[in-house]
Amino acid sequence: MKFNGRVHKFGNDVNTDYIISGRYKFKTLDMKELAKHVMEDLDPDFYNKVQSGDFIVAGTNFGCGSSREQAPWAVLYAGVSVVIAKSFARLFYRNAINCGLPLVECDTDRIEPGDELEVDLAQGVINNLTRGEVLPIKPLPGVMIKILQDGGLAEHFQKYGTFNFG
Amino acid sequence: MGKTIAEKILGAHCQQAVSANDIVVADLDYVMGQDGTSPLAIQAFREMKGQKVFDPRRVAMIIDHSAPSPLEGVSALHALMRDFAREQGFNFYDIGEGVCHQLMPEKGNVVCGDLVVGADSHTCSYGALNAFSTGVGSTDLAAAMISGKLWFKVPESFKFVLNGQLPAGVYAKDLILYLIGQVTADGATYMAAEYVGEAVRALSVEGRLTMSNMAIEMGAKAGLMEADEKTLAWVQQHSQREPRPVTSDPDAVYARVEEYEVSNLPPQVAKPHTVDNVAPITEVAGTPIQQAVIGTCTNGRLEDLRIAAQILQDRKINPQVRFIVAPASRRIMLEAIKEGVLQTLIEAGAAVVTPGCGPCVGTHNGVPSDGENVIPTANRNFKGRMGNNKAFIYLASPATVAASALAGEIADPREFIR
Ligand code: SF4
């Protein structure tokens with residue numbers, strides 16, 4: 001799994017209320033509609049700026065707060081291919097993998113807004129094409145890779161009818 | 001090598017000895033969803049070709065977040081939940097019954113030793129009852145409803161040893177805010193918090209639920225406590241199921257242990273816009289407020305309403321303040337009526353709203369205006385949390401909220417307690 005795109009950078013503790021506010025998530029199951037409001041309280045123009053395949057890059061504790069799965073769905077539907085952060089809150093982490101949104105943990109201090117990246121999940125590296133740098137990433141646990149490869153937990157269940165990590 | 005509560009409960013639910021960082025698929029005792037997360041879970045349930053929930057006696061759905069519905073779109077999602085509940089025959093709690101994390105213990109759905117997941121981040125609340133309970137998302141909820149199982153990474157544990165006794169006017173809420181301020185919003189990420197010590201044993205089960213409820217605010221996956229006589233009496237009063245208490249071994253391995261002496265702790269307040277931005281009351285006292293709220297899954301229980309009523313008895317709130325009270329459940333509301341607690345609050349100037357989440361998450365019932373300061377007993381103060389990203393939220397105990405409603409500004413409850 002390889003992804004190319006540009007960087008949109010955020011700070012530490014980006015919580016799920018910032019990713020998608022509670023005032024939208026209760027109204028609809030239409031993720032395309034929710035995606036229009038993604039990151040709105042931090043960057044009102046984010047949805048218009050983000051191009052398909054781009055990356056959200058952040059500091060520590062990305063996705064802290066609520067269990068709302070609308071958060072990773074909205075990120076995915078906005079066109080973001082991978083979220084890269086120093087660390088993630090566990091609920092967001094689980095939910096993102098279940099939705100089929102890949103996450104990468106690495107030191108993001110050396111990545112700047114607008115940088116062009118190539119993220120290679122299989123090789124476990126990020127190539128920063130703008131800076132000519134290679135950043136190593138922490139590999140995902142096997143269970144998560146399996147769910148991502150199946151295309152998310154719903155697809156995993158469609159395939160096996162239950163958990164199958166054999 | 002000894003085991004922690006987290007390792008023992010997860011091990012017991014996959015019939016093998018497990019240690020921190022193992023990944024297991026475990027059997028669940030109970031599965032819960034609320035109206036913010038269930039509609040998406042129902043959609044995923046269908047997509048996964050689910051037919052029947054694994055056991056209708058072990059599944060509950062609750063309408064509490066936007067209850068009663070303020071909007072057509074929400075009404076449609078509620079209708080979807082009602083239809084699904086009828087079709088599947090599981091436990092369904094409609095508007096006015098209460099907030100999910102009050103109902104799960106109160107209805108007897110959780111006992112000591114259980115493994116529970118809920119599609120709501122504050123599902124960690126039931127750790128106070130010696131159950132391993134944690135929040136999941138909607139797709140996880142769907143998988144759990146179908147299979148009765150979920151995969152877990154066994155967490156490392158973070159032990160909080162709390163010595164001494166809380167002084168008068170200082171409560172479980174102040175203690176947990178203090179701890180979150182100390183360890184920060186991601187200080188316990190992926191870990192199970194385990195609260196032990198004299199100060200924990202002295203708390204009522206209600207106070208303990210407040211502490212476990214907020215474990216997620218330091219990133220923790222669970223907020224566990226051992227069961228004592230108080231826990232067992234409470235559980236047996238509410239549930240028919242047999243409690244299976246679990247203790248940590250003396251030689252259990254912890255990722256981190258911190259010890260605190262709480263005897264001189266002042267009331268605490270979390271300032272905008274993060275829960276770990278905690279200050280002693282003296283630092284924020286005098287900040288004007290426009291709205292005060294008592295309620296939520298953190299502090300909407302009878303004990304909380306009583307504490308507020310004690311301060312507000314025969315007094316009137318400041319005319320500049322709107323004071324909203326949302327009892328955490330119908331049962332609590334009825335008890336508060338019987339005891340005269342609700343009358344006291346209403347006479348003082350409270351607007352009482354439907355038992356449930358109340359104004360906590362900005363979907364209905366009291367969205368603040370631009371630039372306003374709100375002091376709720378809630379667990380989150382993120383920008384926009386109450387529905388307006390230009391409002392400022394200060395989290396505090398029911399006593400501090402009641403005192404502040406009287407004063408029209410953030411006030412030290414110790415000056416108002418009689
Ligand atoms: S009261 Fe607030 S924190 Fe608790 S479940 Fe409801 S919205 Fe969530």
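By salt bridge I mean a side-chain nitrogen of Lys or Arg within 4 Å of a carboxyl oxygen of Asp or Glu.

Some conventions, please. This is a predicted model, in which local features need pLDDT of at least 70 and side-chain atom pairs count only at pLDDT 80 or more, while totals for chains, interfaces and linings use all residues. Residues are numbered from 1 along each chain as its sequence is written, chains are lettered from A and ligands numbered from 1 in the order in which they are written, and side-chain values use heavy atoms, with hydrogens and water left out.

Chain B is assigned domain 1 (11-241 + 251-259) and domain 2 (270-415); such bounds come from an automatic or database domain assignment. The C-alpha centres of these two domains of chain B are 24 Å apart. Their contact (heavy atoms within 4.5 Å) takes 39 residues from domain 1 of chain B and 34 residues from domain 2 of chain B.

How much area is buried between domain 1 and domain 2 of chain B? The figure is about 2900 Å², of which carbon and sulfur atoms give 56%. Buried area is the accessible area (1.4 Å probe) that two parts lose on being put together, summed over both. Across this interface the rule finds two salt bridges.

I turn to the cores. A nonpolar core is a set of buried Ala, Val, Leu, Ile, Met, Phe, Trp, Tyr and Cys residues joined through side-chain atoms within 4.5 Å. Buried means under 20% relative accessible area, exposed over 50%, and partly exposed in between (1.4 Å probe, protein chains only). The largest core has 103 residues, and among those that touch the most other members are B:Phe160, B:Tyr195 and B:Phe323. Both domains of chain B give residues to this core, so it lies between them. A second, separate core of 85 residues includes A:Leu153 and B:Met81.

Finally, helix α15 of chain B, residues 398-407. Helices are DSSP runs (H or I, at least four residues), numbered from the N terminus. Nine of the 10 residues of α15(B) are buried, so this helix is largely enclosed by the rest of the structure. Its buried residues include B:Pro398, B:Val401 and B:Leu406. After α15(B) comes B:Gly408, with a positive phi near 80°.

Methods. Helix = DSSP H or I, 4+ residues; strand = E, 2+ residues; numbered from the N terminus.
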